[in-house]
Structures are given as C-alpha cells and as structure tokens.
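Have a look at it first.

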Amino acid sequence: MTDRIHASAQRPHRHHWRRDVVELAALFCAVAVADSIANLVVHGPRGPILLVASAVALLVTAAFHTWWARRHSHAPPPEGTPPPTTTTATAATTSLWRMRTTVRDEPGSLAALCTALARSGVDILTLQTHPLPEGGTVDEFLLRAPQELPSADLTRAIAGAGGRSTWIERADAHDLVDTPTRVLGLATRTALDAAELPLALRQLLGRCTIHSIPATTLSGRPNAGADAPVEGVLEATVMRLRDPSGGAITVERPYLPFTPTEFARARALVELDARLGPRVPRSQDVLTLPEGNEITVRRADGSDQAAARAMHDRCSERTLSLRYHGPVADADRYLGHLLSPRFGRTLAATTASGKLVALGHLLWDGDETEVALLIEDDWQRRGIGSELLRRLVSMAVEAGCDSVYAVTQASNTGMVAAMRGLGLPLDYQIEEGTLVITARLDATPVRSRLPYELPDEVPYEHRYELP
C-alpha cells in the first residue's frame, strides 16, 4: 500500500482548460468593477466626498479591529504587566480532613453540602454515602481545605447547609486510597493470615476497640457475651460478630455510631475468615547460634499445642513463674488461648530435630499490644529471646501499633535486657514487684512483610548467624 501512495504522489496532475476559463472570467469581472468605481469617484458629482467617507470608514474599521484584537488576543501581555493571581491551592497550604455528617434523604441535600464546602474553598476528594434504615444518609468526605481554615468554621458551614451530628478529624496521605482498593487489600491480608482479622477490622472501621471473647474462660466456664448470633448485632456504637473459631468479636467506637454499610463490610470480612479456616504463613528462617547450633523461627498456631505443652513441662518452676507470674491451673487451655491467631501472633523457635524450645507472643489487648517470651531453660542466654522480641516488635510496627508492653518481674534481667536492646524509648512502671516496660513505636510501617509472613505460594527460607 505504501508503494501505491508513492506512485500517486509522483503522478503528474492533469491540466483542465475549464479552470483557466473560470479564472479569466473572474479577472475580467474584477477589472470591470474597479473601472466603474473609478469613473464614479473621479467623474461623478460627489466623487471627492465619497472618497473621503471611504477613507474615514477604513480608519474606523482599523481602529476597532486593533482594540478587539488586544482585548481578546492569546498573545503574551506587554512588558511590565504584572502576572495574574491564581487561586489554586498547593499541598503546602492545604490540610486533609475526614468528615462525616448526617443529612436528610431528599433531593438537593448533598448539593447544599457541596455548595457550602465550595464557598469555603474546600475541595472534595472522595465521597461515600451510607444510607440509614430510619431515613437520611451519612455522607463521609475526604476534604482538602485551606490550611488557615479552622475545623470549627468548616463544621459551622456544614451545619448551615443542613448537616447534623458532624464529626471531623485530620487525615493523611494514606486516606487518599479509595475505599474499594482498601477493602480488597484488607481482604487479601485476612485471606493470607488468620491473625490479620482484628487488624483488618480496625483499619476498616477507623479508631475502635476490638475484643475477641472466647466461648469459655480459661477455667472452663462459659464466657458471658460470647453468644453472638450468626448474622451479628449492630447497636449504635457497638457491633458484635460471631467468631468462626468460637466465641464472639466485639467492636466498639464510642465517638461515632456504626452505619449498616460498615456493619455489612465487617461481617463480610468475618465470613471470609470463616470460609478459609485456620491458616498461618509457613515461611521460616534458619538462624545459626554463636555455638554453631541452628534453630528455625516460624509462625506457630494451634497445631503446635502439643509441642508447646511438651516444652512447657520441660521448663523449670522459676522460668514459668517469670513468664506467668504465678501457677498455671490449666496449661493446655492457656496455651490454646495463646496460640490462637484470633488473640495475636506467635513465633516458635525449633531445633534442627524439630523440638520446640521457645515461644514469642504478640497479643492484641484491646487498644494495646503485649509482647511475651517463654524460652526453655537449656536454651536461655543464647540470643533467641532478643531475636524473637525484635521480630515481634517489627510485626507490631507493621500492624500500626503505637507501643508494645511487657509484663515481667524486676528480677527478670533477661527480659529487661532484651527490651533495652530494641533501641526504642522505654517507660517503666513498677507495682508490688511487677514491672511493666512499654516501648514506644513509630506507628508508620517502615518495612515490607518479614520473610515468614510471605504468602504460602512463595516459600522462603533464609539463613544467617546471630551475633
């Protein structure tokens, strides 16, 4: 086809005689009109007057054209003209806000809110609408507002536009992720690790307190509040969901009532967890101790309860007392609680022969997070505890925890040294011989998932030596 185009371009054009005739006719007409006008101007009775009038008309037309061109031209402004001012706000002069307000469910309600925000110079980045069963809707906004605009003025503007029960707080760049993307990410994390469900619920619902209530207490008696129905219960600022592993999950958010939409999203995550069943990442690390022995660090769950009980029985009374601060009435039930992914994450250290010699726990305690270690006597003072604690703190940082605390005794010098070895700011509180050490963390995740947290489809084994 290219050759055909080139041939057409090189082919000489045919000369048509009709075009020459038309051009000659147009030329003769133009000459005749020009001759008539010249005779009228020179030989007519008012020729000079007509000539002067024509000149004036031409001058007026030229002046008008010049004025119009300068007024509507796209050419650069003359030198010395000050640049035009712009009202576009930059990131340095704006603030991000998350806001919720309740409006009547009628045409024009949302338009009134948007108009009020526009008058205040506020840009709407995202919007979610949560219908209410009793009528009305809860509108959730992510806003970019001028930095000098106080939140009180923003709330008053919304109230004047018909909004009520308005709640507002600062947002950050993480809130710029749209809701479907965030929900899919939380579902993926929950699918990979059963221990992620409480964290996923917290990130989905914002600042809230989550409690996992087992079906029975550690003493074997039925637990009050653990009988949530299958469909769950929503009561204003509290929702109760049935835990797939038994018992119930309660979520409380006193400062802001839950909406039916949020309840449906939370219940969908719990149902996903129930369908997938028990699961934990199977990746592991192989560590070489200073004396040359190798241990394997991996995630542990309920399937390790028998091995954990065997290690428990090999530990001395002093080691168990430092860990539990007293006698343990039912070790099997207590270890089952600790190994459940619903209450936190557990790391296990095993020898080359597969014997479990150490456990490290990261336990969700409402709004707080506890770390705890239990190391068999013969394997203490070899760096295993410090390594497990460092990994537990890394998981807490990734989970967005503000701090972790350890409850021990003042005489437990090994745990105190391991906490100090983290290199984090520590707070100490002593009450009747019990020492609570709190390490303050940076809540922003600073690293990707640890090797043993990778998906099961990506087996990982890493070897390195402990110092």
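**Spaces inside the fold**

The largest cavity has a volume of about 40 Å³. This is a predicted model, where local features need pLDDT of at least 70 and side-chain atom pairs count only at pLDDT 80 or more, while totals for chains, interfaces and linings use all residues. Residues are numbered from 1 along each chain as its sequence is written, and side-chain values use heavy atoms, with hydrogens and water left out.

A cavity here is a set of points, on a 1 Å grid over the protein atoms alone, where a 1.4 Å probe fits but cannot get out; a pocket is an open set with protein on both sides within 12 Å along at least five of seven lines, and lining residues have an atom within 4 Å of a point. Points join across faces, edges and corners, and a volume is the space filled by probe spheres set on them.

Who lines the largest cavity? Among them are Arg-279, Asp-301 and Thr-346. Strand β11 (344–351) gives the most, with three residues.

Now for the second largest pocket, which holds about 980 Å³ of space. Of its 45 lining residues, the closest to its centre are Arg-323, Val-371, Ala-372, Leu-373 and Met-415. Strand β13 (residues 368–375) gives the most to this lining, with six residues. Strands are DSSP runs (E, at least two residues), numbered from the N terminus.

Last stop: Thr-209, in strand β5 (residues 209–213). Thr-209 counts as buried because its relative accessibility is 17%, and buried means under 20% relative accessible area (1.4 Å probe, protein chains only). Beyond neighbours within four places in sequence, its contacts (heavy atoms within 4.5 Å) include Thr-250 and Asp-367.

Key: Helices (H or I, at least four residues) and strands (E, at least two) are DSSP runs, numbered from the N terminus. Buried means under 20% relative accessible area, exposed over 50%, partly exposed in between (1.4 Å probe, protein chains only).
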